[in-house]
Amino acid sequence: CEAAAKEKADAAAKKAEEMRAHVQGLATMVNETAAATSVHLNAEQEAARAAAAHKKAEEAENKAKEIKEHAQALASLVNESEAVTDMALSQEVEEARAALRD
């Protein structure tokens, strides 16, 4: 019984580490996408200004704001997902430890 409980605890800890790595990968992708989008939109804004297209610059700024808000929302979801995953896996580890004690 102890061996099975230890195995379950080890599996839960491994799963937690895999989930953390996955969530960190998602966060990195969100940050890279936001940075690339920012660079692209900055270039688009400069081209619009150079062409004296004031309206296009305003649209690009609005688009940049929307994308930034979307990226922030995605980052928030990733953080929430990581927190929920950590809580669930911590509970599994605690249950496995409790089973070891019994």
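These legends describe views of a predicted model of one protein chain.

View 1. The protein chain has two helices and zero strands. Its radius of gyration is 22 Å, well over the 13 Å that the globule rule gives for 102 residues, so the chain is more spread out than a compact globule. Along its principal axes, the C-alpha trace spans about 75 × 15 × 10 Å.

**View 2. Helix 1 from end to end.** Helix 1 covers residues 2-50, which makes 49 residues. At 1.5 Å a residue, helix 1 should span 72 Å. The end C-alpha atoms of helix 1 are 71 Å apart, which agrees.

**View 3. Helix 2 from end to end.** Helix 2 runs over residues 54-101. Its 48 residues should span 70 Å at 1.5 Å a residue. The end C-alpha atoms of helix 2 lie 70 Å apart, in agreement with that value.

**View 4. The buried residues of helix 1.** Ala5, Ala9, Ala12, Ala16 and Val23 are among the buried residues here. Val30, Thr37, Leu41, Gln45 and Ala48 are buried too. The buried residues of helix 1 pack against helix 2. An α-helix has 3.6 residues a turn, so residues three or four places apart point the same way.

**View 5. The buried residues of helix 2.** Ala57, Ala60, Ala71 and Val78 are among them. Thr85, Leu89, Val93 and Ala96 are also buried. The buried residues of helix 2 pack against helix 1.

View 6. Threonine 85 lies in helix 2. Its relative accessibility is 13%, so threonine 85 counts as buried; the cut-off for buried is under 20%. A polar atom of the threonine 85 side chain lies 2.8 Å from the backbone oxygen of serine 81.

**View 7. Alanine 35 and lysine 68.** Alanine 35 lies in helix 1. It has 43% relative accessibility and therefore counts as partly exposed. Alanine 35 and lysine 68 are 33 residues apart in sequence. In space, C-alpha to C-alpha, alanine 35 and lysine 68 are 9.4 Å apart.

**View 8. Surface and contacts of the whole chain.** Of the 102 residues of the protein chain, 18% count as buried. The accessible surface comes to about 7400 Å². Carbon and sulfur atoms hold 56% of that surface. Among contacts in the chain with a separation of 6 or more, 70% come from residues 24 or more positions apart.

Methods:
Residues are numbered from 1 along each chain as its sequence is written. This is a predicted model: local features need pLDDT of at least 70, side-chain atom pairs count only at pLDDT 80 or more; totals for chains, interfaces and linings use all residues. Side-chain values use heavy atoms; hydrogens and water are left out. Helices (H or I, at least four residues) and strands (E, at least two) are DSSP runs, numbered from the N terminus. The expected span of a helix is 1.5 Å times one less than its number of residues. Buried means under 20% relative accessible area, exposed over 50%, partly exposed in between (1.4 Å probe, protein chains only). Contact means heavy atoms within 4.5 Å. A polar contact is a pair of N or O atoms within 3.5 Å; within protein, one must be able to donate a hydrogen and the other to accept it, and residues adjacent in sequence count only if both atoms are side-chain atoms. The radius of gyration is taken over C-alpha atoms; the globule rule is 2.2 Å times the number of residues to the power 0.38. Accessible areas come from the Shrake-Rupley method with a 1.4 Å probe; for residues, only the protein chains shown count as cover.
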